[in-house]
Amino acid sequence: LDVLTEGQSAEASSEKAQIISRIKEETQKLNDLVTNFVMYGKPAQPQKTPVHVPEIVESVLRMASDRLRIQRISVRREFADAAPIAVDPDMIRRALMNLVGNAIDAMPEGGELRVATGPSEDGRYAMTVGDTGEGIPESDRERIFEPYFTTKTSGLGLGLVLTRKIVEAHGGEIVVDSEPGKGTSIHVFLPEGDA
């Protein structure tokens, strides 16, 4: 009967934790792929209800916490005080998951993820997800919302397509601000409407 020393036991436990973490991450990626594909194929009909968007943001950041920690990405939150807005919480969560996932992918060596929410100067509700990654080359900026366009080694290239569909289904607008070598910010503007 083999007896593990305390050091070996701790090492085995750490290795198991890493394997479980990787399995969870890959499962989440697969789930995201399937969800994006299914949602892309059906018309978006938002089921609106009053929500505090920062609460949705926090749930997305909790889901991404392992990747943020492993890639040494810090998070800067900028939540302006705002009343609830009428949106479909599941659809907005999906859009934010896509934007946060892209931002994390853009910073494999670490960086800062910035998430901002609140009223914009023109009376709409704004959400911004920014990264300090390499930025998007100008030649690709026109194509990132095309179905199946991706520069990643995995994925279907539907994340941003679906995100734009979700935003437009809410009567909103999505704007990309990117500078090669400095990072990318995706701005989503939604009508505040009556919550």
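Select Asp105 to begin. Asp105 sits in helix H4, residues 89-105. Helices here are DSSP runs of H or I with at least four residues, strands are runs of E with at least two, and both are numbered from the N terminus. This is a predicted model, where local features need pLDDT of at least 70, side-chain atom pairs count only at pLDDT 80 or more, and totals for chains, interfaces and linings use all residues. Residues are numbered from 1 along each chain as its sequence is written, and side-chain values use heavy atoms, with hydrogens and water left out.

Is Asp105 buried, exposed or partly exposed? Asp105 is partly exposed, because its relative accessible area is 33%. The cut-offs are these: buried is under 20% relative accessible area, exposed is over 50%, and partly exposed lies in between, with a 1.4 Å probe and protein chains only. Asp105 and Asp131 are 26 residues apart along the chain, and their C-alpha atoms are separated by 9.5 Å.

**The whole protein**

Zoom out and colour by secondary structure. The protein has six helices and seven strands. Along the sequence, their pattern reads α-β-α-α-β-β-α-β-β-α-α-β-β. Of the 195 residues, 39% are buried. Contact means heavy atoms within 4.5 Å. Among contacts with a separation of 6 or more, 74% join residues 24 or more positions apart.

**The core**

Select Ile92, Leu96, Leu113, Met127 and Leu190. These have the most contacts inside the largest nonpolar core, which has 34 residues. A nonpolar core is a set of buried Ala, Val, Leu, Ile, Met, Phe, Trp, Tyr and Cys residues joined through side-chain atoms within 4.5 Å. Which element gives the most to this core? H4 does, with nine residues. Stay on Met127. Beyond its neighbours within four places in sequence, Met127 is in contact with residues including Val53, Ile92, Leu96 and Leu190.

**Ser59**

Move to helix H2, residues 53-63, and pick Ser59. Ser59 counts as buried because its relative accessibility is 12%. Its side chain reaches the backbone oxygen of Ile56 at 2.8 Å.

Go to Thr184, in strand S7. Thr184 is buried, since its relative accessible area is 7%. Show its side chain and that of Ser178. The two side chains make a polar contact at 2.8 Å. A polar contact is a pair of N or O atoms within 3.5 Å; within protein, one must be able to donate a hydrogen and the other to accept it, and residues adjacent in sequence count only if both atoms are side-chain atoms. Leaving aside neighbours within four places in sequence, Thr184 is also in contact with Val176, one of several partners.

Select Val176 in strand S6. At 23% relative accessibility, Val176 is therefore partly exposed. Its C-alpha atom is separated by 6.3 Å from that of His187, eleven residues apart along the chain.
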